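User: Please take one part of this model and go through it slowly, with the cut-offs stated as you use them. I would like the rest brought in as background.

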Amino acid sequence: MKCLVIIPAYNEAENIAATVDELLAKTRSFPMELDYLVVNDGSSDNTEAVLREHGFHFITLPVNLGIGGAVQSGYLYAQKNNFDIAVQMDGDGQHMPEYLLDLIQPILEGKAACTIGSRFLGLESFRTSFMRRLGIRFLNFVIRCCTGKKFTDATSGFRAANRQGIDLFVRHYAKDFPEPESIVRVCRNGLSIQEVPVKMRERAAGNSSIRFFQSVYYMIKVTLAVCLARCESKTLMDKGE
Amino acid sequence: MALVLQIFAIVISVLFNIIIFQMLRKGRLELQYTLLWIFAGLAILIMSIWPQVLIGLASLLGIQVPMNAAFFLGIIFILCMLIGMTIIVSGLKNKIYRLTQVIALLEKRIEGLENKEKTHEEE
């Protein structure tokens with residue numbers, strides 16, 4: 001069994017070394033073959049230089065595609081190299097590799113095709129801003145309307161997928177704000193998805209790519225996108241792009 | 001507004017909205033670029049069902065004939081959409097240029113590797 005950890009990185013020169021080092025350190029005794037791929041999303045800082053210097057496994061996208069395109073590149077790599085499980089992890093060190101095994105456990109047990117690491121399932125975490133929490137709760141509500149299932153952390157980028165999930169995401173992965181939308185897509189394609197409690201950290205350095213002024217646009221767009229994913233035509237689902 | 005015209009307007013705007021929705025469902029339209037079209041479609045639908053909205057807007061802008069207001073606002077909207085499209089196309093052009101350049105450089109690297117392989121085999 002092979003597992004790939006996809007680490008999208010856009011201008012993460014400050015954090016990426018620490019993130020990958022921590023991943024390698026905390027997965028020394030991982031019960032299966034584990035590899036990782038940093039997807040350098042056309043960074044304009046010296047992220048690539050840092051990656052080369054440390055000899056990390058990475059690809060550099062010649063053009064910036066955004067989080068959706070970058071992560072999808074990772075899924076494409078996973079598919080072409082026959083990985084059984086693909087995990088998404090942020091490049092800024094917010095996600096904690098200690099929970100990697102917990103995250104893929106339901107997949108290993110065959111209970112789910114995809115899993116999401118949720119901050120809000122009881123494990124103590126840092127508190128996000130009130131606005132952010134409100135937004136997340138609203139999204140959870142919209143997703144519940146579209147899938148009939150309850151999710152607590154729809155925006156979490158700490159996720160895992162089995163081969164079916166990988167194939168689905170290679171065919172379809174939203175270009176912007178993909179996390180909530182992909183939940184609906186997974187359900188619509190008849191795959192099981194489950195949340196796993198994890199802890200996350202505050203961003204170590206640099207800026208989060210979603211700033212306050214973009215929030216309103218984000219909420220409208222994501223809500224529409226989630227609803228659209230719910231209504232996606234059958235031919236699109238089968239064919240892909 | 002004459003009844004025939006209103007019915008015609010409603011039918012057209014309903015069709016317009018349906019077409020947009022179907023294109024979105026089939027993935028032929030990207031949601032990100034279609035948001036304004038959705039807004040326009042809804043606005044047209046609302047104004048054809050309730051012409052008072054258009055009449056109200058016209059008097060607010062000081063336009064005597066309400067239909068002129070429809071033309072005026074319609075033209076402004078189309079100009080905005082076109083400028084938006086031009087910006088998007090410009091961005092895409094830059095991306096295509098960069099991809100072309102990277103592909104050319106990759107070709108050179110591959111040729112270099114193939115030649116290296118050949119000379120190793122010959123040795």
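Analyst: What follows looks at chain B, then at chain A and a few of its residues.

The model is predicted, so to speak of local features a pLDDT of at least 70 is needed, side-chain atom pairs count only at pLDDT 80 or more, and totals for chains, interfaces and linings use all residues, while side-chain values use heavy atoms, with hydrogens and water left out. Residues are numbered from 1 along each chain as its sequence is written, and chains are lettered from A and ligands numbered from 1 in the order in which they are written.

Chain B has four helices and zero strands. Read from the N terminus, its elements are α-α-α-α. Helices here are DSSP runs of H or I with at least four residues, strands are runs of E with at least two, and both are numbered from the N terminus.

Along the principal axes, the C-alpha atoms of chain B fill a box of roughly 90 × 30 × 15 Å.

Buried residues make up 13% of the 123 in chain B. The classes are buried at under 20% relative accessible area, exposed at over 50%, and partly exposed in between, with a 1.4 Å probe and protein chains only. Among contacts in chain B with a separation of 6 or more, 46% join residues 24 or more positions apart; a contact is a pair of heavy atoms within 4.5 Å.

Carbon and sulfur atoms hold 73% of the accessible surface of chain B, which comes to about 9,600 Å². These areas come from the Shrake-Rupley method with a 1.4 Å probe, and for residues only the protein chains shown count as cover. Chain B carries 10 positive and 8 negative side chains, with the centres of the two sets 19 Å apart. Lys and Arg are taken as positive and Asp and Glu as negative, leaving out His and the chain ends; each charge is placed at NZ of Lys, CZ of Arg, CG of Asp or CD of Glu.

The UniProt record, an unreviewed entry, gives "transmembrane region" for residues 6-24, 36-63 and 69-92 of chain B. UniProt positions follow the numbering used here, feature names are shortened, and annotations may be inferred rather than shown by experiment. In the model, residues 6-24 of chain B are 100% helix and 0% strand, and their end C-alpha atoms are 27 Å apart. Residues 69-92 of chain B are also 100% helix and 0% strand, with the end C-alpha atoms 34 Å apart. The record, again as an unreviewed entry, places a "coiled-coil region" at residues 96-123 of chain B. That span is 96% helix and 0% strand in the model, and its end C-alpha atoms lie 41 Å apart.

B:Met23 belongs to helix 1, residues 3-25. Its relative accessible area is 30%, so B:Met23 is partly exposed. Beyond the neighbours within four places in sequence, B:Met23 is in contact with B:Arg28 and B:Leu29. Eleven residues along the chain from B:Met23 comes B:Thr34, and their C-alpha atoms are separated by 9.9 Å.

Chain A gives the background. Chain A has nine helices and seven strands. Its radius of gyration is 17 Å, close to the 18 Å that the globule rule gives for 241 residues, so chain A is as compact as a globular protein of that length. The C-alpha box of chain A is roughly 45 × 40 × 40 Å along the principal axes. Of its 241 residues, 54% count as buried, and 77% of the contacts in chain A with a separation of 6 or more are between residues 24 or more positions apart.

A:Ile6 is one residue of chain A, placed in strand 1, residues 2-9. A:Ile6 counts as buried because its relative accessibility is 0%. Not counting residues up to four places away in sequence, A:Ile6 touches several residues, including A:Leu37, A:Val71 and A:Val87.

Most residues other than glycine have a negative phi. A:Asn82 has a positive phi of about 55 degrees and sits in the loop between helix 3 (66-80) and strand 4 (85-88). A:Phe177 has a positive phi near 45 degrees, in the loop between helix 6 (163-171) and helix 7 (178-188).

Note on methods. The radius of gyration is taken over C-alpha atoms; the globule rule is 2.2 Å times the number of residues to the power 0.38.
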